Amino acid sequence: MSVPVLSHALVLEAPEAVPDGAGGFTHSWVALGTLWAQMTPGTGVERAGEFVTLASVPWKIVVRAAPETSPRRPQPEQRFRAGRRIFRILAIAESDRAGLYLTCFAREEVVA
């Protein structure tokens, strides 16, 4: 494996349940930090709904590895943010034998 070029700054965010005052919860996102990443897009698809069109693109996002107990280690159900763009993390895998990098399999969805 060649050394990835980590040229994209992404904010790692985790979901947080916040009481809504009526006995339920609303969800918000908490920034955990900025990670530098290499991003590779997959083949996108477009689905037309009754009122909206949803475009979806899979991404492979490579970041430096962090210990499993570190808040800087991405987890499924977290997301990356780049400005207004959101990349939902679906799965994580070690990228190399030495465990220096992680590949995050993510999906970007855009409503048109």
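How many bridges join β1 to β2, and do the two strands run parallel or antiparallel? The views below are of a predicted model, in which local features need pLDDT of at least 70, side-chain atom pairs count only at pLDDT 80 or more, and totals for chains, interfaces and linings use all residues. Residues are numbered from 1 along each chain as its sequence is written, and side-chain values use heavy atoms, with hydrogens and water left out.

**View 1. The pairing of β1 and β2.** The two strands run antiparallel and are joined by 12 bridges. Strands pair if DSSP finds at least two bridges between them; strands are DSSP runs (E, at least two residues), numbered from the N terminus. Ala 17 has His 27 of β2 as its bridge partner. Five residues lie between the strands of this hairpin, where Gly 21 takes a positive phi near 85 degrees.

**View 2. Leu 32 in strand β2.** Leu 32 has a relative accessible area of 32%, so it is partly exposed (buried is under 20%, exposed over 50%, partly exposed in between; 1.4 Å probe, protein chains only). Beyond its neighbours within four places in sequence, Leu 32 is in contact (heavy atoms within 4.5 Å) with Leu 12, Ala 14, Pro 71 and Gln 78. Arg 73 is 41 residues from Leu 32 in sequence, with 9.5 Å between their C-alpha atoms.

**View 3. The largest nonpolar core.** Such a core is a set of buried Ala, Val, Leu, Ile, Met, Phe, Trp, Tyr and Cys residues joined through side-chain atoms within 4.5 Å. This one has 14 residues; among those with the most contacts inside it are Leu 10, Phe 80 and Cys 104. The elements giving two or more residues to this core are β1 (8-19), β2 (25-41), β4 (53-64), β6 (85-94) and β7 (101-111).

Note on methods
Helix = DSSP H or I, 4+ residues; strand = E, 2+ residues; numbered from the N terminus.
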